[in-house]
Structures are given as C-alpha cells and as structure tokens.
Amino acid sequence: NHIFDPSENWIEIGRRLNLIFPNHPKDVTIGVTAAGVIPYYSELNSIDLRGLNDRYIAKSGVITGSRPGHTRGPTLDYLYDSNINLLVGHPQVRSINAPFSFQKFSQSFCGFMDQKDCNLLAKKSHKVISMQIDSNYIIDMLYMSPSKSIEEAIKNNLLSIMHREGS
C-alpha cells in the first residue's frame, strides 16, 4: 500500500516535508504523482503530474498511458513554467543503506513524461536532494528551481545534496 507501507510511506513523506517547511512557504512547490496524500500532509503548493487536479495537464498534457486517471503527463516546458522547486515525481523511496543511483532515481519522473522530455531533464544539471523520511528510508527529489526556503533547509542539514557521479 503506497500510503502506509514503510517502503513507500507517502503519508510520512508529506509529514516530513511539513516538518521541514512548517510555515508552508510560497517559494516551495512540489511536483508529484501522489497528488492527494503528499500535498495534503505537507500542506505545500503542489502540481499534480497526472492531471487529476491540474486542468492544463488533464486537457493538454502528453499521453503517456491508458490507465484511467493516469493517461497524461506534463511536458518539460510545463514543469519549468509551473516553477516546481522539488520534483518528487512518482515517489521512489530507498533504504537508508542503499546507494544512490541516478538511473533508478530517474524512473521516478520518466514514467509520467514523454521519453524525449525525460531524457532532456535527466541531462540537466539540477541537484538531486535527499530527505530522510524515518530511521530506515530516504526519498530523492530533483531540485528544479531556486528557493530560499530549500536553501535554508539544506544549510540546516534537513535536506542533503546527492552527487550524481557514477549514475
């Protein structure tokens, strides 16, 4: 279960984001496919990458599948135009002991985008930010556009920058 299973734990991802950004700063917007649970618990601005809560993606997004509610996704231009700061994508939680793999991480956003856009995004020099969820798990996110609140969280060791070498 995406919501409660400790190896996915979408509720705790939202709660942890809320702890890191308790005043719900306007300069933090997340892009996420789990558009109910994580935005609800984080109380952050969010972009629903599957279009259920986003009119533009629902009507004009690229077709990426045939499963109801999961047929469209954003273009790369739309991700940038939406000023997403942290691209969570489809949350990919990893064990705290598992090494970071950019190739595996990129699957968190390639599943809901056009392959060409996904390849372009993967080649960009965006930082990968890690957030510890609990004593066993971490989630990695793509840091797409600058935010004073995110920079402060990095400075205070609430978020970590991952190195992309060897990915």
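**Exercise 1.** Does phenylalanine 105 count as buried or exposed, and at what relative accessibility?

*Solution.* The structure is a predicted model, in which local features need pLDDT of at least 70 and side-chain atom pairs count only at pLDDT 80 or more, while totals for chains, interfaces and linings use all residues. Residues are numbered from 1 along each chain as its sequence is written, and side-chain values use heavy atoms, with hydrogens and water left out.

Step 1. Buried means under 20% relative accessible area, exposed means over 50%, and partly exposed lies in between (1.4 Å probe, protein chains only).

Step 2. Phenylalanine 105 has 4% relative accessibility and therefore counts as buried.

Step 3. Phenylalanine 102, at 8% relative accessibility, also counts as buried.

**Exercise 2.** Describe the aromatic pairs that involve phenylalanine 105.

*Solution.* Step 1. Rings of Phe, Tyr and Trp (its six-membered ring) pair if their centres lie within 6.5 Å; planes under 30 degrees apart count as stacked, over 60 as edge-to-face and the rest as tilted. The whole structure contains four aromatic pairs.

Step 1. Between phenylalanine 100 and phenylalanine 105 the ring centres are 5.9 Å apart and the planes stand at 50°, so this pair is tilted.

Step 2. The pair of phenylalanine 102 and phenylalanine 105 is tilted, with 5.7 Å from centre to centre and 55° between the planes.

Step 3. Phenylalanine 102 and phenylalanine 105 both belong to helix α5 (residues 102–110), where they are three residues apart, about one turn of the helix. Helices (H or I, at least four residues) and strands (E, at least two) are DSSP runs, numbered from the N terminus.

**Exercise 3.** Determine which residues of helix α7 are buried and how they are arranged.

*Solution.* Step 1. In α7 (residues 148–155), the buried residues are Ile150, Ala153 and Ile154.

Step 1. Viewed down the axis of α7, these residues fall within an arc of 100°, so they line one face of the helix. The arc is that of the directions from the helix axis to the C-beta atoms.

Step 2. The exposed residues Lys148 and Lys155 are carried on the face turned away from the buried side of α7.

Step 3. The cover over the buried residues of α7 includes α1 (10–20), β5 (86–89), β7 (127–132), β8 (137–143) and β9 (160–162); contact here means heavy atoms within 4.5 Å.

Step 4. After α7 comes asparagine 157, with a positive phi near 60°.

**Exercise 4.** State how strand β8 is enclosed and with which strands β8 pairs.

*Solution.* Step 1. Six of the seven residues of β8 are buried, so β8 is largely enclosed by the rest of the structure.

Step 1. Two strands pair if DSSP finds at least two bridges between them. β5 and β8 pair in the antiparallel sense over two bridges, and leucine 86 stands opposite tyrosine 143 in β8.

Step 2. Strand β6 (residues 93–95) pairs with β8 in the antiparallel sense over three bridges; valine 93 faces isoleucine 139.

Step 3. β7 and β8 are antiparallel over six bridges, and a hairpin joins β7 to β8 through four residues.

**Exercise 5.** Identify the disulfide of the structure.

*Solution.* Step 1. A disulfide is a pair of cysteine sulfur atoms within 2.5 Å, and the structure holds one.

Step 1. The disulfide joins cysteine 110 to cysteine 118, with 1.6 Å from S to S. Cysteine 110 and cysteine 118 are both buried.
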